[in-house]
Amino acid sequence: MKIDANKVVAINYTLKSDDGTVLDSSEGKSPLPYIQGTGQLIPGLEKELEGKEVGEKMDIVIAPAEAYGEVNKEMVFDVSKEGFRGNEELKVGMQVEVEMDKGKSIAAVTKIEDDNVTLDLNHPLAGMTLHFNVEIMEVRKASEEELSHGHVHGPGGHQH
Ligand code: ZN
């Protein structure tokens with residue numbers, strides 16, 4: 001069975017950056033299940049998996065535009081430390097929840113200078129070329145129930 005829209009696919013994967021650092025991996029976990037064509041994976045990965053079958057192994061390189069996007073400089077901004085009252089442990093590299101117009105978002109603290117804190121709302125993998133090593137472990141038709149819920153049921157998916 002080939003991978004196309006509304007198939008449940010389970011993959012084992014390792015994700016590396018340009019310099020070979022492992023960013024994420026399914027190793028030691030159950031294969032990652034998703035429904036093809038629903039935007040659960042980044043666009044570049046769905047595109048490369050389309051038409052493939054169980055047992056295929058692939059090395060896939062995905063440019064930022066087809067992954068988590070380019071870094072948007074407008075999503076990097078400075079705020080006053082005052083806004084973090086009660087949070088004494090503010091450190092570069094930590095993630096904080098910030099109140100935005102559209103609700104809460106997660107931002108990374110990228111710089112602290114005197115009373116000034118620089119926050120970055122970009123996805124941590126924005127601007128990065130991603131190197132995936134993927135093995136297709138399962139391909140099956142999604143059930144009506146899975147399609148109406150918009151997610152996979154069973155191992156590695158939702159249990160209900
Ligand atoms: Zn469900």
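The largest nonpolar core holds 20 residues, and Leu-45, Leu-49, Phe-132, Val-134 and Ile-136 touch the most other members. Such a core is a set of buried Ala, Val, Leu, Ile, Met, Phe, Trp, Tyr and Cys residues joined through side-chain atoms within 4.5 Å. Two or more residues of this core come from each of strand S1 (7-16), helix H1 (43-49), strand S4 (57-62) and strand S9 (130-141). S9 gives the most, with five residues. Helices (H or I, at least four residues) and strands (E, at least two) are DSSP runs, numbered from the N terminus. The model is predicted; local features need pLDDT of at least 70, side-chain atom pairs count only at pLDDT 80 or more, and totals for chains, interfaces and linings use all residues. Residues are numbered from 1 along each chain as its sequence is written, and side-chain values use heavy atoms, with hydrogens and water left out.

Val-134 is in contact (heavy atoms within 4.5 Å) with Ile-11, Asn-12, Tyr-13, Leu-45, Leu-49, Glu-56, Lys-57, Met-58 and Ile-60, leaving aside neighbours within four places in sequence. A second, separate core has nine residues, including Leu-90, Val-98, Val-117 and Leu-119.

The domain assignment, an automatic or database one, gives domain 1 (7-67 + 125-149) and domain 2 (73-120). Taken over C-alpha atoms, the centres of domain 1 and domain 2 are separated by 31 Å.

Glu-146 is found in helix H2 (residues 144-149). Its relative accessible area is 2%, so Glu-146 counts as buried. Buried means under 20% relative accessible area, exposed over 50%, and partly exposed in between (1.4 Å probe, protein chains only). Glu-146 touches Val-8, Ile-35, Arg-140, Lys-141, His-151, Val-152 and His-153, not counting residues up to four places away in sequence. Asn-6 lies 140 residues from Glu-146 along the chain, yet their C-alpha atoms are separated by 9.3 Å.

A zinc ion is coordinated by His-149 (ND1), His-151 (NE2), His-153 (NE2) and His-160 (NE2), at 2.0 to 2.1 Å. Donors are N, O and S atoms within 2.8 Å of the metal (3.2 Å for Na, K and Ca); water is not among the atoms, so sites may look incomplete. The zinc donors follow the spacing H-x1-H-x1-H-x6-H along the chain. The site is tetrahedral, with angles of 93 to 121° among its four donor atoms; four donors count as tetrahedral if all angles lie between 85 and 135 degrees. His-153 is buried because its relative accessible area is 14%. His-160 counts as exposed, at 65% relative accessibility.

Technical notes. Four donors count as tetrahedral if all angles lie between 85 and 135 degrees; four count as square planar and six as octahedral if opposite donors are over 155 degrees apart and all others between 65 and 115; anything else is irregular.
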